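Colleague: I have a new model open and would like to learn how to read it. Could you walk me through it, one feature at a time?

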Amino acid sequence: VAENLSAIKLRENIINASLDSGEIPKQSAVKINEDIAAIDRLLQENRQKIAALQRSSAQLRKADLRIEGLEKMILIAQLQSQVESKDQEIVVLRKNLENMNVQVAQLSEQVTGLHTQVSDLSEEKASLEGDLKTQSDILNTGYYMVGPEKELLQKEIVYKSGFIGRTLKINENRSLESFTQIDIRNFDGLKIGHRKAVLVSSHPAGSYEFVMNADGVFEELQIKDKTKFWEYSKVLVVSYKP
């Protein structure tokens, strides 16, 4: 179009120059007619090209709208795809969460079971400790009695043995009701305060000692080695003669 306009301008200048000279030769008239015809053709071409441009412009505008709509459709499709992808991720997360909840529930049941086991074991432990203490108390329970020989014989706590009956021994079938019960772990000895005291029960030599004062009175019996002293018997009997 721009080129056609330039050509039209050039031909207009030629025609004007011929008219301004005042003389138009015969051949110039023919040339002017040809130039005018050429200008008409150029103008017609321009009108056709402009119309085509206008149609193209309209089509482009429509195309732009369609492209804009297409771009929106593509954007929506992309967003929809992202949403669907996120939905799938959420489904996976929910499944994982459900699995985790199941696992948590299972772990909670296991923990509850363990607590029950611990509670049962604690009770069993307490029971065993109680039994152990009871057994320990039984094993560390001792009995003692200090009395005159005649009384001990009458109560059948002791009896005489030997060829001439001078040795006192403990009666294995005696009752312990009249004895004093002690915890041998905390028992260090006993007071006597009489002459002619005799240890009737059997205890290893060196594990005890009689303490006598200057008047020949047995003041007490001291236990020097508790473990060794009670090794043979948990019954301690001391007899004396007034």
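Modeller: Gladly! Let's begin with burial: buried residues make up 23% of the 242 residues in the chain. Keep in mind that this is a predicted model.

Colleague: Thanks. How many helices and strands are there in the chain?

Modeller: The chain has four helices and nine strands. Read from the N terminus on, the elements follow the order α-α-β-α-β-β-β-β-β-β-β-α-β.

Colleague: What share of the contacts between residues at least 6 apart in sequence join residues at least 24 apart?

Modeller: In this chain that share is 64%.

Colleague: Now the sheets. What is the order of the strands in the open sheet of four?

Modeller: The order is E4-E1-E9-E6, and the pairing is mixed. Strands E4 (180–183) and E6 (198–199) are at the edges; each has a single partner strand, so one side of each is left without a neighbour in the sheet.

Colleague: How do E1 and E4 run, parallel or antiparallel?

Modeller: They run antiparallel, and four bridges join E1, residues 141–148, to E4. To find one of these on screen, pick threonine 141, whose bridge partner in E4 is aspartate 183.

Colleague: And the nonpolar residues, how should I think about those?

Modeller: As a general idea, nonpolar side chains tend to be buried together in soluble globular proteins. Here, the largest nonpolar core has 15 residues, and those with the most contacts inside it are Phe187, Leu190, Ile192, Leu221, Trp230, Leu236 and Val238. Strands E5 (189–194), E8 (218–223) and E9 each supply at least two residues of this core.

Colleague: Which residues does isoleucine 192 touch, not counting those up to four places away in sequence?

Modeller: Isoleucine 192 touches Ala197, Phe210, Phe218, Glu219, Glu220, Leu221 and Val238. There is also a second, separate core of 11 residues, which includes Ile157, Val158, Ile170 and Val200.

Colleague: Last one: what volume does the largest pocket have?

Modeller: Its volume is about 190 Å³. Of the 13 residues lining this pocket, Glu149, Arg166, Leu168, Val198 and Lys241 are the closest to its centre. Strand E3 (167–170), E6 and E9 (235–240) each supply at least two residues of the lining.

Colleague: How many of the lining residues are nonpolar, polar and charged?

Modeller: Five are nonpolar, three are polar and five are charged.

Methods
Residues numbered from 1 in each chain as written. Predicted model: local features only at pLDDT ≥ 70, side-chain atom pairs only at ≥ 80, totals over all residues. Heavy atoms only, no water. Pairing = 2+ DSSP bridges. 1 Å grid on protein atoms, 1.4 Å probe; cavity = no way out; pocket = protein on both sides within 12 Å on 5 of 7 lines; lining within 4 Å. Points joined across faces, edges and corners; volume = space filled by probe spheres on them. Nonpolar A, V, L, I, M, F, W, Y, C, P; charged D, E, K, R; others polar. Core = buried A, V, L, I, M, F, W, Y, C linked by side-chain atoms within 4.5 Å. Buried < 20%, exposed > 50% of the residue type's maximum accessible area, 1.4 Å probe, protein only. Contact = heavy atoms within 4.5 Å.
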